[in-house]
Structure formats: structure tokens, C-alpha cells
Amino acid sequence: MNGLAGKKIGVAAVRAAKEISLLIEKQSGTPVILPIQGRQRLNEDISAQNITDFLAESFDWAIFTTGIGARTLTDSAENIGLQSRYLDKLKETKLAVRGSKTMKWIKEHGLEPIHVSEDGTMDNLLAALDEEYKGKSPQRIFLQAYDQDDDKLKSILEENGHTVYLSRPYSYEKPDALVVDQLKQSIIEQSLDAIVFTSKTQVRNIFADPAQSTQLIKAFNDQVLAVAVGKVTAKELESNGIKQVLQPEHQKMGAMIVAIDHHYRQQPV
């Protein structure tokens, strides 16, 4: 018998919800899709301005924090007829990146990053940059981020003396409040066996109301298994007081579902 037989698994993702659901069903589990990411909004005018500014100004470094952001900027450069110039300048600029999807974009365009986050976190990337430029001249940095952590990242770099240009090629709208409430109620009632989170945005959305945080944490620390696709999401869950967070060794959707299956197989009958 598969480890997920008889298990109801909540899926908080939007973009990968169908893929994750199929993987759960293959392991005889029942997926319950309750997307709380919020709709992604591409900032086309801002992206176009970011591209023209990047080409017009001088930058020592370009930091890309998400694959979506990197691709949005590249698409925007193509739309305004500047993709060739944009990619040529990136090849002349020192690059720092985090995330497997960002690395895929890097390889597609023949770019060579100086620093890659070893564990997929921004903390690791920032530590590497700090170590390299400790005691040296401040750098001018083009930072691609989105509206959740961008000001924090910008402040950290500026506190170290660097000048930062912030690029916000996309953002997220607020999720459907009814769906968020439904997921929270399912967690509190422990009617779901596990919840799959694929981004820290989803975690923040579920814990946005402090009034319900205690009940949610109690449920997670009792019977509801919190599952994260990778370290960034897992860290966000842990920072909200969840003691046990399951995550796969390899930050992939398939590996995550296999990890859940293995977890339940190890449980006493």
C-alpha cells in the first residue's frame, strides 16, 4: 500500500497545483487544491524602464533572485527591441543568482555567474557578496526582486555601502480571502493530513492574521504535516513556530511528494 493511501493533501500552490495533484494521485493520495499564492502581476512598464536604465547606467553587479523576474526582464527587453544589447551587457556585468529556475535562465542565455547561492537562499548569496567586498570599494548593484522582500534586500546591501537600483518586474496580488479562510479552517480542524507549500509567499499569506496564528501553529505541531518544496519555504514555516517541516533533499516537486510518501510509510500503523 502506498504511504499516501487515505491521506488528504492540501496544495497551497497556484502554478504547479495540477502537476502536484497528479503526483499525489499517483501515490494514491487525495489532493485538495486551495491556492493561496495570489495572482502574479507582470509590471510591463516598470520592466521596460528597468531595461533602459540598466543599459544607460553603469553597474558592477546584477543580482537575480527569481527565474520569473529574470525571464520577465528578458522578455521586456525583447518587446522594446533591446534584448541583444541587454544580454551583451549582462555578459560584461558580474552576476549573482539564486534559485534553480534562475540558473536555468542563465544557462539558456550563455551567461556565467560569479556567485550562485549554494543552498538556494538569499542569505547565502548576500554572505558571499559581503565576504568578497569586505573592506573594498562599494559597488553599484542592479537588484531584481519582487514586492515582498525587495526593500529588505536593498537595505541590507545599502548598509554595506553599496548603491542599489531596485528592479521590480512583477508582483503578487492578494489571494482570494475565501480560499485562504477555507485552508486555514481545514488546518485548524485538522481535516487535512498535510499541506504542501511551494513558496514563502503562501506561508506568509496563511499566517497574515495574527489572531489565528496560535491555532494554526498548534494544528501543525499536532497532526497536520507542513511540507516545503525547499529551504526558503521551510525556513519561513519554521520562523512561524512550526517545529516539524518536511522537505525533500532535492528541491523538486516530484521529490517532495516522494518524501511525503516515505514519511507516512515510516509511521506506525
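## Strand β4 and its two neighbours

Ala62 of the predicted model stands opposite Leu95 in β5, and β5 (residues 94-97) is joined to β4 by four bridges, the two strands running parallel. On β7, Ile63 stands opposite Leu143, while the bridge partner of Phe64 in β7 is Gln144. Four bridges also join β4 (residues 61-64) to β7 (residues 140-144), again with the strands running parallel. Here helices (H or I, at least four residues) and strands (E, at least two) are DSSP runs numbered from the N terminus, and two strands pair if DSSP finds at least two bridges between them.

In a regular strand the side chains alternate between the two faces of the sheet. In β4, Trp61 and Ile63 point one way, Ala62 and Phe64 point the other way, and all are buried; buried means under 20% relative accessible area, exposed over 50%, and partly exposed in between, with a 1.4 Å probe and protein chains only.

## How the model is read

This is a predicted model in which local features need pLDDT of at least 70 and side-chain atom pairs count only at pLDDT 80 or more, whereas totals for chains, interfaces and linings use all residues. Residues are numbered from 1 along each chain as its sequence is written, and side-chain values use heavy atoms, with hydrogens and water left out.

## The sheet and the helices across it

The strands belong to an open sheet of five, in the order β6-β5-β4-β7-β8, with parallel pairing. Its edge strands are β6 (115-116) and β8 (163-167), each of which pairs on one side only.

Helix α2 (residues 44-56) lies across β4, β7 and β8 and runs at about 150° to β8. Helix α7 (residues 150-159) also lies across β4, β7 and β8, running at about 165° to β8. Axes are lines fitted to C-alpha atoms, for helices over the stretch in contact, and angles run from 0 to 180 degrees between N-to-C directions; contact means heavy atoms within 4.5 Å.

## Helices α3 and α5

The axes of α3 (residues 67-79) and α5 (residues 100-108) come within 7 Å and cross at roughly 35°. On the α3 side the contact is made by Gly67, Ala70, Arg71 and Thr74, and on the α5 side by Lys101, Thr102, Lys104, Trp105 and Glu108.

Thr74, which lies in helix α3, is buried, with a relative accessible area of 2%. Leaving aside neighbours within four places in sequence, Thr74 is in contact with Gln83, Tyr86, Trp105 and His109.

## A loop residue, Glu173

Glu173 is found in the loop between β9 (170-172) and α8 (177-188), and Glu173 is partly exposed, with a relative accessible area of 35%. Once neighbours within four places in sequence are left aside, Glu173 is in contact with Gln37, Gly38, Arg39 and Arg41. From C-alpha to C-alpha, Glu173 and Ile187 are 23 Å apart in space, although they are 14 residues apart in sequence.
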